[in-house]
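Thanks, everyone. Let me put the structure up, and then I'll walk through it.

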Amino acid sequence: MAIPILQNELRCFVQSMYDEGIVNEQFFQIQYMKEMIRNDYAVRAITSYCVSCTRLFSTLSDQICQNEVDFQRVRDLASELYAISCSFGAKNVRFACVDLLHACERKDKNFCSQALNWTKNRFCHLRIKLETLVQ
């Protein structure tokens, strides 16, 4: 009896993430895999996404802190972050990446730093929700 109640709460939680614009339809594919096929698939996908983002954020921060910023390198890293966020269905992170990409095009170090901080903020908000979902 408790399992159907928990499953319903989980569906409602994921729906609230969608309603808040944190994730998009792509994320529902991962959730479907979790519910219908294998729970460990979703956990691995979430873990892989979070580890990749954390690595990219670290490298992006290092790049932007340089005296002479290699904006092409920052753009390449931001593009990679954008791509994995699209694939994962991380809507807010993907939108934040667009600002980071624009900052790279403008070759504006301060704007890059601000955009990176906003992207990290959106990712942290998502990661908290994902940690709740995995539990």
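**The H4–H5 pair**

Start with two helices. Helix H4, residues 71-88, and helix H5, residues 91-106, have axes that come within 9 Å and cross at roughly 165 degrees. This is a predicted model, where local features need pLDDT of at least 70 and side-chain atom pairs count only at pLDDT 80 or more, while totals for chains, interfaces and linings use all residues. Residues are numbered from 1 along each chain as its sequence is written, and side-chain values use heavy atoms, with hydrogens and water left out.

Some terms. Helices (H or I, at least four residues) and strands (E, at least two) are DSSP runs, numbered from the N terminus. Axes are lines fitted to C-alpha atoms, for helices over the stretch in contact, with angles from 0 to 180 degrees between N-to-C directions.

How do H4 and H5 run relative to each other? They are roughly antiparallel. On this scale, angles under 35 degrees count as roughly parallel, over 145 as roughly antiparallel, 65 to 115 as roughly perpendicular, and the rest as oblique. The crossing of H4 and H5 is left-handed: the near helix is turned anticlockwise from the far one by less than a right angle.

Now the contact, meaning heavy atoms within 4.5 Å. On the H4 side, the residues include Phe71, Val74, Leu81 and Tyr82. Among those they meet in H5 are Val93, Cys97, Leu100 and Leu101. The residues of this contact divide into 12 nonpolar, 2 polar and 3 charged. Nonpolar is Ala, Val, Leu, Ile, Met, Phe, Trp, Tyr, Cys and Pro; charged is Asp, Glu, Lys and Arg; the others, Gly among them, are polar.

**Two residues to look at**

Valine 98 lies in helix H5. It is partly exposed, at a relative accessible area of 29%. Buried means under 20%, exposed over 50%, partly exposed in between, with a 1.4 Å probe and protein chains only. Between valine 98 and serine 79 there are 8.7 Å in space, C-alpha to C-alpha, and they sit 19 residues apart in sequence.

Next, lysine 107, in the loop between H5 and helix H6 (109-134). Its phi is positive, about 55 degrees, although it is not a glycine. Buried or exposed? Lysine 107 is exposed, with a relative accessible area of 59%.

**The whole chain**

Zoom out. The chain has 6 helices and 0 strands. Of its 135 residues, 39% count as buried. Take contacts between residues at least 6 apart in sequence: 66% of them join residues at least 24 apart.
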